[in-house]
Amino acid sequence: MSAPTSTQEPHLWTNYAPHPTAWDELFDGAAEPHDHCQALVQWLGQLEFKQFQERRHTADLVFINQGITFSVYADRRGVEKIFPFDLIPRPVAGDEWDRLEDGLLQRIRAINLFLYDVYHDRRILREKIISEELVVKSKCYRPEMIGFDPPGKQYVHICGTDLVRDPKGQFLVLEDNGRTPSGVSYVLENRVVMKKVFPKLFQQCKVRRVEDYPQRLREAFLSVAPPSAGHAPTIVLLTPGPFNSAYFEHSFLARNMGIELVMGQDLFVHDERVYLKTTRGPRRVDIIYRRVDDDFLDPTVFREDSLLGVPHLMKAYRAGNVTLANAVGTGVADDKAIYPFVEDMIRFYLSETPILKNVPTYICARREDLLYVVDHLDELVVKAVNESGGYGMLMGPSSTVQMRSEFREKILANPRNYIAQPVVTLSVCPTWTDDGLGPRHVDLRPYIVSGQSSWVLPGGLTRTALVKGSLVVNSSQGGGSKDTWVME
Amino acid sequence: MISRVAEHCFWMSRYLERCENTARVLDVNRTLLLDFDVPEEQQWKPILIISGIHDFADASNSEAVQHHLTWQAENPCSIVSSLANARENARIIREIISAEMWERVNYYYLWLHGPRAEAMYEHDRSEFFSQVKRINGLLFGIAEGSMSHGEAWDFFRMGKYLERACQTARILDVKYHMLLPTPEFVNTPIDNAHWTAILKSCSGYEPFHKQRHSLEQGTAVADFMVFDPIFPRSVQRCLLYCQEASHKISGRKRNEAGNEAERMLENLIDWLRLATIDDLVKAGLHESLTKVINTIHDIGEAIRRSYFDFDEARVMEMLTNGQQ
């Protein structure tokens, strides 16, 4: 396929065998590169295996020396993993991206209005568009938020929406991560490494910049500072600490946004105001970019055994003296049993036609869906509604009889806790393997940043399965990542 | 800056300094043993003693001691532990130190855990220790040129010089534990070799000879290492650097009393300013050095109380009374 003139050394595309059914992000059905991929395919085609290997080695060294790791085990020093990075970028055509961007912005507007509604008038529940029981029984529903207006009425300051592409090339929404989505630091670091390894390639292909993310996020936060904040509000990033698997990302973002990285123990609340413990005494804090889940945020309100949070933080929050990003209680929108209603939310709140479609979803809390799901487990992907990272799920087609019967029990015991979706054959992107390039399934997580207005990072995290045929791309399940290129 | 972060800064530099000094001590003892016939059971004992290790089973086994002080992760004084601790502190405050600095700390940490360092240790031990000694110097240089010279930098320097003052005192104390066969050996080649070794382990050999010309008597070395006003590893010089950093942090003026840590530091400096080497020898050099080491330890504790332990209750009271 598209192999350059044959020489002794095998070139990158020499042995690339396309996937029989999946959409290929680089090549069309006739094995020709998509229009927006031509320059990339051609340039990569000039590389010999050996040269490519050398660049891979260079890239790995950058990650290792910079300690760009995603997982740290507290019990054994020095066991840190680098997130496997694949050097073949995943391009997205500019016009296609513009449409995606519109779709994502539409979604976040609706989700934000939904959250406000749920914690205020509950119109959407009263009009029975979404069942009230489904919402108030969600584990992530927070009665503490009822009647409270977060600064700027903004709830989901950062949303990571997972998209997949079906065999027809259509992008579908798999889920919205509206609590504390992670991974954006890899988007930025991947780009740095790509520019280091393939500087010339960037001159040939015009790729939209991702480097502005930290500043954009900072500006978004400042635009929703609490009224009590002065001219230069203090923003801090609250991390669970150095043993958290995403600590690298927390530190990366704090560094690049020019804000302090703090742990719960560094903050305290006095007279409904939040203070930072510094070497020169207390300093007021106005905005907290928290990477700690609701449950651990304030031991006097949520889990009382939490050492990660700040006692009485909710009091300061409800007094309007601090902005929390994301707001408390957003999980009710990213509950997998409520996500299927986002299209309805768009129609209800915006009176618009949804631009992006969801993957069809069976909600086990509904009797008819439940009966269908337990009968078709071998065809479906079943997911626990509040899990992420590829945990608590059943991949029907590759499951054993025993796994299915165990899952059937679990679902029947607690139907509200499960949803199911048909298996989507995710699109593939050429990816380096031990045998040269092979097609591997990928997804895409764009990041939407919202303050008074919203902005979508052009690109996002492309996660890739590294095992042939695998549809699971999560890093915790051995997946890797790629640089995502939105072409000009 | 955040109290917790300041503490990590302070400890990162202390661990780097420790890492360097352990390598210095091991290296110099090896060199010394090449020249003199020291009874086996005494060869490594002084090194263990100054490292605070009193129960090492294999104390007369040269390789075992070196291994323990270099590679043993369970030994908190080992080179591996010190560098791992420095790196862990650096990792936690990565957003405070410069990217270049983090990258190098991480690089050396990976180097020390990789096959190349192990091979160097086996085949060219002297170069191995030299390499370890260089780590601190290189990192300090990188930090100096790439990280803002604000409060974090001052905590970094305060930790560094406090630790170095302590390490110099410890190294000097090795001499006390290196037994001479009989008192008649004072000022003989063996005695002088000991002093020379001490000087070399602190990079003090050349600076000493530039100023003193000869090693007329051993205490001249002790005098130099405790009191020299310009030698960068003398106890007094290090304490003055530490004080300088401490004043920058607190913003204290000359005529103000300062916080607990500052007062203690000043007392120690004054005590040394008014003493001579003869006073120290008269009181017993080992006893005097022990006093220095213990006081430095107490100063470290006072620094913790003054800057790192945030007294929430007291501050809340202040806030309530409206002084923010």
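Student: In which sense do strand S19 and S22 of chain A pair, and over how many bridges?

Tutor: Two strands pair if DSSP finds at least two bridges between them; helices (H or I, at least four residues) and strands (E, at least two) are DSSP runs, numbered from the N terminus. Here S19(A), residues 436-445, and S22(A) pair in the antiparallel sense over four bridges. Leu444(A) stands opposite Thr462(A) in S22(A). This is a predicted model, in which local features need pLDDT of at least 70, side-chain atom pairs count only at pLDDT 80 or more, and totals for chains, interfaces and linings use all residues. Residues are numbered from 1 along each chain as its sequence is written, while chains are lettered from A and ligands numbered from 1 in the order in which they are written.

Student: Which strand do three bridges join to S22(A)?

Tutor: That is strand S23 of chain A, residues 480-486, and S22(A) and S23(A) run antiparallel. Arg463(A) stands opposite Ser481(A) in S23(A).

Student: Are the faces of S22(A) covered or uncovered?

Tutor: In a regular strand the side chains alternate between the two faces of the sheet. A residue is buried if 20 or more other C-beta atoms, placed from the backbone, lie within 10 Å of its own. In S22(A), residues 461-464, both faces are covered: Leu461(A) and Arg463(A) are buried on one side, Thr462(A) and Thr464(A) on the other.

Student: What span should helix H6 of chain A have?

Tutor: The expected span of a helix is 1.5 Å times one less than its number of residues. For the 14 residues of H6(A), 184-197, that gives 20 Å, and the end C-alpha atoms are 20 Å apart, which agrees. Buried residues in H6(A) include Val184(A), Tyr186(A), Asn190(A) and Met194(A).

Student: How many helices and strands does chain A have, and what is its radius of gyration?

Tutor: Chain A has 15 helices and 23 strands. The radius of gyration is taken over C-alpha atoms, and the globule rule is 2.2 Å times the number of residues to the power 0.38. Chain A has a radius of 23 Å, close to the 23 Å from the rule for 488 residues, so it is as compact as a globular protein of that length. Buried residues make up 49% of chain A.

Student: How many residues does each chain bring to the contact between A and B?

Tutor: Two residues are in contact if their C-beta atoms, placed from the backbone, lie within 7 Å. Chain B gives 22 residues and chain A 25 residues. Helices H1 (3-35), H5 (79-92), H6 (99-112) and H17 (312-320) of chain B each supply at least two residues of the side of chain B that touches chain A.

Key:
A residue is buried if 20 or more other C-beta atoms lie within 10 Å of its own, exposed if 12 or fewer, and partly exposed in between; C-beta atoms are placed from the backbone.
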